Amino acid sequence: MSTCYAQVDCNSFYASCERVFNPRLAGTPIVVLSNNDGCIVSRSAEAKALGVPMGAPYFLHKARLEQLGVAVFSSNYALYGDLSGRAMRLLAGFARAQEVYSIDECFLDIGGEPEPERLAQEMRYAMLRGLGLPVCVGIGPSKTLAKLANHLAKLDPSRDGVMNLQALDAAELRSLLAAVPVEDIWGVGRKLSVKLRLERINHAAALAAADRDWLIRRFGVTVARIADELDGLSCLSLEEALPPRQSLMSTRSFGHKVTRLEEAREAVAMHAAQVAERLRRQGSLASFLQVSLQRGVYQQGTVQRDSEVVPLLPASADSRVLVAAAGRAVERLWRPGAGYQKCGVMAWQLVDAERAQPDLFASGPDPEKGKRLMAALDAINHRMGRGTVKLLAEGLEQPWKMKQDMLSPAYTTRWEDIPVAKAK
């Protein structure tokens, strides 16, 4: 049975999520901003048609966006994360295997499907009807070609959101690849594309036709595999179960410059608690915790950052342990009058919670009672929404939190924000 992959990508994902629960936004140009309402990170098709630039600072374009009637939103990560999970679960039902590649895209193994284009249209219909999210689907004999097909489907509206490279013969595929610039190939970054162009490999067809031994000697085996994938030979299998992460980090900019130790301590406590939650979700324990405070002062292109690494003995995923350790580190790092703009917590040298060796001489909370307490904490927050129950050290009002002046409701993760339908 020949290999066949479908790559499904949600169109303008953040902007599309904002439209799901607000039907009045249909046809309205939408942009979504980055942390602290800084830059434009997502644009609806209507906003792109107006020439709104990607990555541009919001304050530079605020007046123009208002004139054009563009709806502007702060990033609503709770909403996007929940809709992403629902989308991936829905798409998994269409294939034998799935690799979740990012928050808004995945690869599906549809090998053996007699009518892949019909299946792709069924996916698009199910996503639009079930979640209100528009998607494009690329189909190909390799993951690289499926990714490329999705890119082409977005560029050509006549494709109706689906592009099938599996159906092309060798000559048709070469002709199509000749029109794809080498920098548009999945896995070819800016620096690599420059090197390839210096060797007169300017488009995908040239890379697919290049001698493999020469590619390995000149660029390495990874580029040779990309060439094989472009030639229709599947070299990259689906990663159904991603390996556990070796480090976990939580970091955010402050909504204003922080000059009070109490505020910095609360912010770091919140990040430490979030890292602890992710550790428990992954089934890991942290051996070390790194706490950082950034002053945001640039001198000769460098950022003024203070950090400290704290050993955790024994390794832990207990929020109380991580928050206490992070709090002590903040007090040692703090410089009165400095004014901080960002903080973060990173856990590293992670170990499997089931195989971790206990420390018979360690002091602190009882580990078994701690496990039950953390399990109860996670269960409540999962059911009622993140932050429903938290440590007092994280603060109550949290005036230091990043700016989200145009934040939409958490329609699917907070009880008070769930939409209510009324019938007259």
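Biologist: What makes β2 and β3 a hairpin, and which residue in the turn has a positive phi?

Modeller: Six residues sit between β2 and β3 in that hairpin, and Asn 36 in the turn has a positive phi of about 60°. Before we go on, this is a predicted model, so local features need pLDDT of at least 70 and side-chain atom pairs count only at pLDDT 80 or more, while totals for chains, interfaces and linings use all residues. Residues are numbered from 1 along each chain as its sequence is written, and side-chain values use heavy atoms, with hydrogens and water left out.

Biologist: How do you know that strand β2 and strand β3 pair?

Modeller: Two strands pair if DSSP finds at least two bridges between them. Strand β2 (residues 30-33) and strand β3 (residues 40-43) have three bridges in the antiparallel sense, so by that rule they pair. Leu 33 stands opposite Ile 40 in β3. The strands themselves are DSSP runs (E, at least two residues), as are the helices (H or I, at least four), numbered from the N terminus.

Biologist: How many bridges join β5 to β6?

Modeller: Five, between residues 97-102 and residues 105-109, and the strands run antiparallel. Ala 97 is opposite Asp 109 in β6, and the hairpin connects β5 to β6 through two residues.

Biologist: What makes Glu 99 and Lys 143 a salt bridge?

Modeller: A salt bridge needs a side-chain nitrogen of Lys or Arg within 4 Å of a carboxyl oxygen of Asp or Glu. For Glu 99 and Lys 143 the closest N and O atoms are 2.6 Å apart, so the pair qualifies. Glu 99 is in strand β5 and Lys 143 in helix α6, 44 residues apart.

Biologist: Why is Glu 99 called buried?

Modeller: Buried means under 20% relative accessible area, exposed means over 50%, and partly exposed is in between (1.4 Å probe, protein chains only). Glu 99 has 5%, so it counts as buried. Lys 143 has 3%, so it is buried as well.

Biologist: Lys 154 forms a salt bridge with Asp 9. Is Lys 154 buried or partly exposed?

Modeller: Lys 154 is at 38% relative accessibility, so it counts as partly exposed. Asp 9, at 10%, counts as buried. Their closest N and O atoms are 2.7 Å apart. The pair links distant parts of the chain, with Lys 154 in helix α6 (residues 143-155) and Asp 9 in strand β1 (residues 5-10), 145 residues apart.

Biologist: Where do Arg 218 and Glu 199 lie?

Modeller: Arg 218 is in helix α10 (residues 212-219) and Glu 199 is in the loop between α8 (190-198) and α9 (204-209), so the pair ties together parts 19 residues apart in sequence. Their side chains meet in a salt bridge at 3.0 Å, N to O. Arg 218 has a relative accessible area of 40%, so it is partly exposed, and Glu 199 at 31% counts as partly exposed too. A search of the whole structure finds 26 salt bridges.

Biologist: What makes a nonpolar core, and how many residues has the largest one?

Modeller: A nonpolar core is a set of buried Ala, Val, Leu, Ile, Met, Phe, Trp, Tyr and Cys residues joined through side-chain atoms within 4.5 Å. The largest has 35 residues, and those with the most contacts inside it are Val 268, Leu 279, Leu 289, Val 291 and Leu 322. Its largest share, 10 residues, comes from α12. In soluble globular proteins, nonpolar side chains tend to be buried together.

Biologist: Which residues is Val 291 in contact with?

Modeller: Contact means heavy atoms within 4.5 Å. Leaving aside neighbours within four places in sequence, the partners of Val 291 include Val 268, Ala 326, Val 330 and Leu 333. There is also a second, separate core of 34 residues, which includes Phe 13, Leu 25, Leu 119 and Leu 131.

Biologist: Why is Leu 261 called partly exposed?

Modeller: Leu 261 has a relative accessible area of 21%, so it is partly exposed. Leu 261 is in helix α12 and, leaving aside its neighbours within four places in sequence, is in contact with Val 330 and Trp 334.
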